[in-house]
Amino acid sequence: MNQNRIIVPKVVRRVLKTLRDHGYSVYPVGGAVRDSLRGIRPQDWDLASDARPETIENLFPKTLATGKKFGTITVVEGEHFIQITTFRSESKYEKQRRPRKVSYIGNILDDLARRDFTFNAMAYDVLKKKLLDPFGGRGDLKKRRLRTVGEPQKRFREDHLRLVRAGRFIAQLNVTPTLEVTEGAKNVRRKLSQVSPERIRDELSKLLLASRPEKGLAWLQETGILKAFLPEVSLGEASLEALRLSTPKLNVRLALLLTGESRSRKIQTPLKSESILKRLRFPKHLQKDVQTLLSHQTIEIQKLAKNEKDLRKFLMVLKPQRLDAFLDVKRALLLAEDSKTLPKETFRSIRRFAQKVRDEKQALEIQDLALDGREIMSVLKIPSSPRIGHLLQQLLEEVVKRPKMNQKEVLIRRVKELNAAR
């Protein structure tokens, strides 16, 4: 690790210069410094300054006062959003989220002392090209160690979301928490219920998309934190291994997280995911994705691949856009059980068939039919009603079995027959 790796983009340098030219101190802090030291180009740059929020608003033509109450102003420079927070100290946290009172201070070192983990409590002096690292964050990164700034229980009590954040950083940075951090987390975990579901969801999502999700989740389970917000979930070796081997897609990893496991380490019927996903306020489309993936988890793909009619019907129910995720889940589960027996050719044949279906534009959804609802109403001379939807679904099921049937004249004849039979 070399602090010379900290390359500050021009747009950030312009913001720094504006503040310095007006006599203020300002430093890149937190994640941007941490990631730069890891050799990763930061996506976001946060700055800390002794300039007050009102001053920052006056110095820049376009700003957002999203966190002004807590000393943060977002400066908008073209497509870039740069958050600037005034050096501050904090009183007790309100509802384990925001400090009840913010006091502004003039010292970057005191500002760093309020942060959560040592590798987030670093700043960079751009003029002197000097790393400010009062709590040994750079050394902890090098040793792959997770430590809090100061006493762990105190830091976790300030904001109990930091318990889940610790798991997230373990997964993202592949670090190992100290014994003090682990013990401190165990003593505070029961208070996690006071944190909003949305905040937990966001941290859990970042954890699941990290390079080592199984490591972060294993720690959360060991400390009892996982049970505090996901009491339905118990992760055994096979589940954690499946997560390790899976592709970094949120729907895939959520499905694997919510998969139950028996004592014999064989994958069981999935847990009921609907209440969990709703409780954590995941978007409805993602809830639907995960529930669909879980409901088809027990399908034996070797048998499925042998019958084109069954495979086509399966694609109709699953929806083609979910096929890759479905196969990713199956692959991870099978690899976790026995990597030597993975039916690679089966996976390839299913993908080839799905591509053939797409290339030939075979009907798998109602909108793929050569006849639509308005045309059915015209042919049968009936008004709009649920009956139209039922007829379309019947046509789709027949077309899936016999793709060549998807011609307007054929479907018109068939819809008349179905209507007459009713």
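Biologist: Why is Thr72 called buried?

Modeller: Thr72 has a relative accessible area of 11%. Buried means under 20%, exposed over 50%, and partly exposed in between (1.4 Å probe, protein chains only), so Thr72 counts as buried. This is a predicted model, in which local features need pLDDT of at least 70, side-chain atom pairs count only at pLDDT 80 or more, and totals for chains, interfaces and linings use all residues. Residues are numbered from 1 along each chain as its sequence is written, and side-chain values use heavy atoms, with hydrogens and water left out.

Biologist: Where does Thr72 lie, and which residues does Thr72 touch?

Modeller: Thr72 is in strand E4, residues 72–77; helices (H or I, at least four residues) and strands (E, at least two) are DSSP runs numbered from the N terminus. Its contacts (heavy atoms within 4.5 Å) are Gly67, Gln83, Ile84, Thr85 and Arg88, leaving out residues up to four places away in sequence.

Biologist: What makes Arg414 partly exposed?

Modeller: Its relative accessible area is 24%, so Arg414 falls in the partly exposed class. Arg414 belongs to helix H22, residues 408–421, and touches Leu395, Glu398 and Met405, not counting residues up to four places away in sequence. Its C-alpha is separated by 9.7 Å from that of Leu391, 23 residues apart along the chain.

Biologist: Is Lys129 buried or exposed, and how do you know?

Modeller: Lys129 has 54% relative accessibility, so Lys129 counts as exposed. Lys129 sits in the loop between strand E10 (123–125) and strand E11 (130–132). Its phi is positive, about 50 degrees, although Lys129 is not a glycine.

Biologist: What is the class of Arg281?

Modeller: At 43%, Arg281 is partly exposed. Arg281 lies in the loop between helix H14 (274–279) and helix H15 (284–295), and also has a positive phi, near 60 degrees.

Biologist: How do you know that the buried residues of H19 line one face of the helix?

Modeller: They are Thr346, Phe347, Ile350, Phe353, Ala354 and Val357. Seen down the axis of H19, they fall within an arc of 130 degrees, so they line one face; the arc is that of the directions from the helix axis to the C-beta atoms. An α-helix has 3.6 residues a turn, so residues three or four places apart point the same way. On the other side of H19, Lys344 and Asp359 are exposed. The buried residues of H19 pack against helix H16 (301–305), helix H17 (308–318) and H18.

Biologist: What span is expected for H19, and what does the model give?

Modeller: H19 (residues 344–359) has 16 residues, and the expected span is 22 Å, that is, 1.5 Å times one less than its number of residues. The model gives 23 Å from first C-alpha to last, close to the expected value.

Biologist: Which residues have the most contacts inside the largest nonpolar core?

Modeller: Leu217, Phe229 and Leu257 do, in a core of 114 residues. A nonpolar core is a set of buried Ala, Val, Leu, Ile, Met, Phe, Trp, Tyr and Cys residues joined through side-chain atoms within 4.5 Å. Helix H18 (residues 323–337) gives the most to this core, with 9 residues. A second, separate core has 10 residues, among them Tyr27 and Leu112.

Biologist: Where does pLDDT stay under 50?

Modeller: Over residues 262–268; pLDDT is the predictor's confidence in each residue, from 0 to 100. Where pLDDT is low, the predicted coordinates should not be read in detail. The protein averages 90, and 93% of the residues score at least 70.
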